[in-house]
Amino acid sequence: MIFYHYTCIEHIKNIFSDGFLKASEANISPVEARLQPDVVWLFKKPWVGQVPQMLSGVTPGIDKTRICIKVDVPAEEVQRADKFWKKFDTPDWWIKALESGGGKTNSKDWYVITRNILSAEWLEVRDRYSNQKIKVG
């Protein structure tokens, strides 16, 4: 099943070197770390947010939506984020805080997978600023 993962340009060199998208802290608890398994965050639909720019035309800081990695992973290994949150009793106020950082995405389009995603499962890597594909490797 097709999903999209987003990251910043600053991470892409290490991701290519590692050969996988690394599952990491899910950050779904406002109080304690590691209450849940590590995950790779995925989105069902491509990000439709604008590429951020300052008046000078320069992009500000680190943009974790700049690089889009389109993946194909088994549907049975992926679960919707809202169901994942329920399993770990994530407070509603924390979910709303997470959703507010999600731009114009609907959190029902957010998913998680609890393993690394190997480069063999990547269909495409694209820089959203230039709309150019990035060659893996």
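Trp85 and Trp110 are both buried. The model is a predicted one. A search of the whole structure returns seven aromatic pairs. Trp85 and Trp110 make up one of them, with edge-to-face geometry. Trp85 belongs to helix α2 (residues 81-87) and Trp110 to strand β6, so the pair ties together parts that lie 25 residues apart in sequence. Both residues also belong to an aromatic cluster, together with Tyr6, Trp41 and Phe43.

Strand β6 has buried residues pointing both ways. Trp110 and Val112 point one way, Tyr111 and Ile113 the other, and all are buried. β6 pairs with β3 in the antiparallel sense, over four bridges. In that pairing Leu42 stands opposite Tyr111. β6 also runs antiparallel to β5 (residues 78-80), to which three bridges join it. Here Arg80 stands opposite Tyr111.

In soluble globular proteins, nonpolar side chains tend to be buried together. In this model, the largest nonpolar core contains 18 residues. Leu21, Leu42, Ile69, Val71, Val73, Ile117 and Trp122 have the most contacts inside it. At least two residues of this core come from each of α1 (9-18), β3 (40-43), β4 (67-72), β6 (110-113) and β8 (122-127). Another core, of 13 residues, lies apart from it; Val39, Phe43, Trp85 and Trp110 are among its members.

The surroundings of Val71 were examined next. Beyond its neighbours within four places in sequence, Val71 contacts Met1, Ile2, Phe3, Leu21, Leu42, Ile117, Glu121, Trp122 and Leu123. Phe3 also takes part in a charge-ring arrangement: the charged end of Lys44 sits over the Phe3 ring, 5.1 Å from its centre.

Ile12, Ile15 and Phe16 are buried in α1. Viewed down the helix axis, the buried residues of α1 fall within an arc of 95°, so they line one face of the helix. These buried residues pack against β1 (2-7), β2 (20-21), β4 and β8. The face turned away from the buried side carries Lys13, Asn14 and Ser17, which are exposed. Just after α1, Gly19 adopts a positive phi of about 85°.

How values were computed
Residues are numbered from 1 along each chain as its sequence is written. This is a predicted model: local features need pLDDT of at least 70, side-chain atom pairs count only at pLDDT 80 or more; totals for chains, interfaces and linings use all residues. Side-chain values use heavy atoms; hydrogens and water are left out. A nonpolar core is a set of buried Ala, Val, Leu, Ile, Met, Phe, Trp, Tyr and Cys residues joined through side-chain atoms within 4.5 Å. Buried means under 20% relative accessible area, exposed over 50%, partly exposed in between (1.4 Å probe, protein chains only). Contact means heavy atoms within 4.5 Å. The arc is that of the directions from the helix axis to the C-beta atoms. Rings of Phe, Tyr and Trp (its six-membered ring) pair if their centres lie within 6.5 Å; planes under 30 degrees apart count as stacked, over 60 as edge-to-face and the rest as tilted. A charge sits over a ring if NZ of Lys or CZ of Arg is within 6 Å of the ring centre and within 35 degrees of the ring normal. Two strands pair if DSSP finds at least two bridges between them.
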